Amino acid sequence: MSDQTTKHVAVIGGGLVGALNACFMAKRGFKVDLFEKRDDIRTMEVVRGRSINLALSVRGREALREVGLEEMVIKEGIKMYARMIHSGDGALSEIMYGRKDQVNYR
């Protein structure tokens, strides 16, 4: 797209969905402004707030592949073949994420 016909879009929220949405829009030729209320945690000495463990599944990998980021993310990931279930009596059991060759990444 030339500068005169470049469409401009604003994405509000730099979380997982907002960031990926911004990548898809940029790939389609849009000029993207991404707005996030929170500070960049990579630049903070102390990070306060909620923390959540995330897993990257096949669907997430497909989305990252579409914007050219899958390999960069996967090389930093840790393979997880199953989730661990902790029952009330202390017993542990695994539930596989899929077939033996299927993994999620953390």
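The side chain of E36 has a polar atom 2.6 Å from the backbone nitrogen of G14, and this side chain also reaches the backbone nitrogen of R38 at 3.1 Å. The model is a predicted one, with local features needing pLDDT of at least 70 and side-chain atom pairs counting only at pLDDT 80 or more, while totals for chains, interfaces and linings use all residues. Residues are numbered from 1 along each chain as its sequence is written, and side-chain values use heavy atoms, leaving out hydrogens and water.

E36 sits in the loop between β2 and α2 (helices are DSSP runs of H or I with at least four residues, strands runs of E with at least two, numbered from the N terminus). Setting aside neighbours within four places in sequence, E36 touches G13, G14 and G15 (contact means heavy atoms within 4.5 Å). E36 counts as partly exposed because its relative accessibility is 40% (buried is under 20% relative accessible area, exposed over 50%, partly exposed in between, with a 1.4 Å probe and protein chains only).

Over in strand β2 (residues 31-35) there is K31, also partly exposed, at 42% relative accessibility. K31 and K7 are 24 residues apart in sequence, yet their C-alpha atoms are 6.2 Å apart in space. Not counting residues up to four places away in sequence, K31 is in contact with T6, K7, H8 and V9.

Then there are the helices. L20, F24 and K27 in α1 meet A63, L64 and E66 in α2. Of the residues in this contact, four are nonpolar, none polar and two charged (Ala, Val, Leu, Ile, Met, Phe, Trp, Tyr, Cys and Pro count as nonpolar, Asp, Glu, Lys and Arg as charged, and the others, Gly among them, as polar).

Key: Polar contact = N/O pair within 3.5 Å; in protein donor to acceptor, adjacent residues only side chain to side chain.
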